[in-house]
Amino acid sequence: MGKLDGRIAIITGASEGIGLAGAKLFLEEGAKVVISSSNAEKGKKALEELNNENAYYVKCDVSKEEEVINLFDETEKKFGVATIVYANAGILDIQEIHKTSLEDWNKVINVDLTGTFLTCREAVKRMLEHGLKGTILTTGSYNGLRGGANNAAYSAAKAGIMQLTRSLAEGYAKYGIRTNCVSPGKVRTKMMTGNVGKSAGSQILRADGSALYDGFSEFDKQVLKGQLLGRVGEAEEVAKVALFLASEDSSFVVGENIMVDGGLMSR
Ligand SMILES: NC(=O)c1ccc[n+]([C@@H]2O[C@H](COP(=O)([O-])OP(=O)(O)OC[C@H]3O[C@@H](n4cnc5c(N)ncnc54)[C@H](OP(=O)(O)O)[C@@H]3O)[C@@H](O)[C@H]2O)c1
């Protein structure tokens with residue numbers, strides 16, 4: 001018997017990385033899973049990779065209200081009302097604060113923070129309308145606790161997500177809707193490997209601004225310096241924590257921010 005038998009899940013930003021790993025695990029545990037992302041081509045490839053009749057893809061840019069509403073509408077038509085909603089979609093922009101345009105700032109805030117709000121709002125609304133209990137997961141980051149000179153918008157968005165999580169928990173726990181936040185450390189996905197070395201002012205930045213370290217082995221060397229476990233995290237390790245929070249194994253956990261960071265923030 002699976003931990004998510006009979007459950008219907010939506011995962012945003014699931015065309016690759018942590019979201020896709022979460023989709024695989026949720027399917028293995030018996031859920032019907034709608035994956036979504038802003039790039040339909042990538043999303044369809046991910047659906048092919050899942051190769052499971054209980055998986056479905058809906059294109060959804062989480063920064064667009066109408067697309068988020070459509071994601072929930074399509075989920076209801078295909079499978080029914082989602083009682084697990086994993087707001088995982090996120091983007092990272094690396095640049096110094098004084099060089100950040102309002103447009104770049106807004107892009108990150110709109111996807112990471114407003115996108116999480118829109119996803120969670122819709123999740124709660126549908127569960128309440130149907131009198132259903134459920135679990136909502138948001139996605140923070142170690143940057144939400146620590147800040148980052150070269151990713152202020154991202155750090156601000158992730159800190160905001162943690163407070164949004166607590167607010168959702170306080171507002172809806174009484175209806176049996178538990179909201180918790182999963183905060184990865186440095187995990188081997190395109191978001192992290194594609195950005196290592198881009199920190200402005202760092203000696204690992206090439207003159208043209210491109211990343212000097214872009215291979216996994218060099219990435220590993222950088223990360224080893226920060227995480228107590230001495231290795232990079234894997235998407236599947238974050239997905240396992242998401243499964244715990246989505247399932248009844250975490251029935252007495254609400255409003256929490258769970259670090260999955262190999263000890264990065266424990267130093
Ligand atoms: N990897 C890490 O080390 C790390 C650390 C801390 C926190 N996190 C957080 O974990 C989450 C997943 O990150 P990841 O590492 O798996 O990143 P990733 O491999 O870059 O995947 C990001 C996912 O988000 C989707 N996405 C991007 N913009 C979107 C938008 N506007 N609307 C909907 N989906 C969108 C992407 O698909 P499309 O391109 O198809 O839209 C992709 O599926 C993010 O919230 C990230 O901030 C990751």
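What share of the contacts in the protein chain with a separation of 6 or more comes from residues 24 or more positions apart? The figure is 69%, where a contact is a pair of residues whose C-beta atoms, placed from the backbone, lie within 7 Å. The model is a predicted one, so local features need pLDDT of at least 70 and side-chain atom pairs count only at pLDDT 80 or more, while totals for chains, interfaces and linings use all residues. Numbering runs from 1 along each chain as its sequence is written.

The protein chain holds 9 helices and 7 strands; these are DSSP runs numbered from the N terminus, with helices being H or I over at least four residues and strands being E over at least two. Of its 267 residues, 45% count as buried. A buried residue has 20 or more other C-beta atoms within 10 Å of its own, an exposed one has 12 or fewer, and a partly exposed one falls in between, again with C-beta atoms placed from the backbone.

Turning to the ligand, 32 residues surround it, and Gly13, Gly17, Ser37, Asn39 and Gly90 are the closest. A residue belongs to this shell if its C-beta atom, placed from the backbone, lies within 6 Å of the molecule. By type, the shell splits into 11 nonpolar, 16 polar and 5 charged residues. Here Ala, Val, Leu, Ile, Met, Phe, Trp, Tyr, Cys and Pro are nonpolar, Asp, Glu, Lys and Arg are charged, and the others, Gly among them, are polar. Helices α1 (17-28), α2 (40-50), α4 (102-129) and α7 (190-193) each put at least two residues into the shell. Both domain 1 (8-185 + 233-254) and domain 2 (186-232) give at least three residues each, with the domain bounds coming from an automatic or database domain assignment.

Among the buried ones are Gly17, Lys24 and Phe26. Just after α1, Gly30 takes a positive phi of about 100 degrees.

Phe26, in α1, counts as buried because it has 29 C-beta neighbours inside 10 Å. Leaving out neighbours within four places in sequence, Phe26 contacts Leu4, Ala9, Ala31, Val33, Leu243 and Ala246. In the largest nonpolar core, which has 63 residues, Ala9, Phe26, Val33, Ile35 and Tyr86 touch the most other members. Such a core is a set of buried Ala, Val, Leu, Ile, Met, Phe, Trp, Tyr and Cys residues joined through C-beta atoms within 7 Å.

Lys3 sits in the segment before β1 (8-11) and counts as partly exposed because it has 17 C-beta neighbours inside 10 Å. Beyond four places in sequence, Lys3 touches Glu29, Leu243, Ser247 and Asp249. Lys3 and Glu29 are 26 residues apart along the chain, yet their C-alpha atoms are separated by 5.3 Å.

Asn51 lies in the loop between α2 and β3 (55-59). With 8 C-beta neighbours inside 10 Å, Asn51 counts as exposed. Its phi is near 45 degrees, a positive value in a residue other than glycine.

Terms used:
Contact = placed C-beta atoms within 7 Å.
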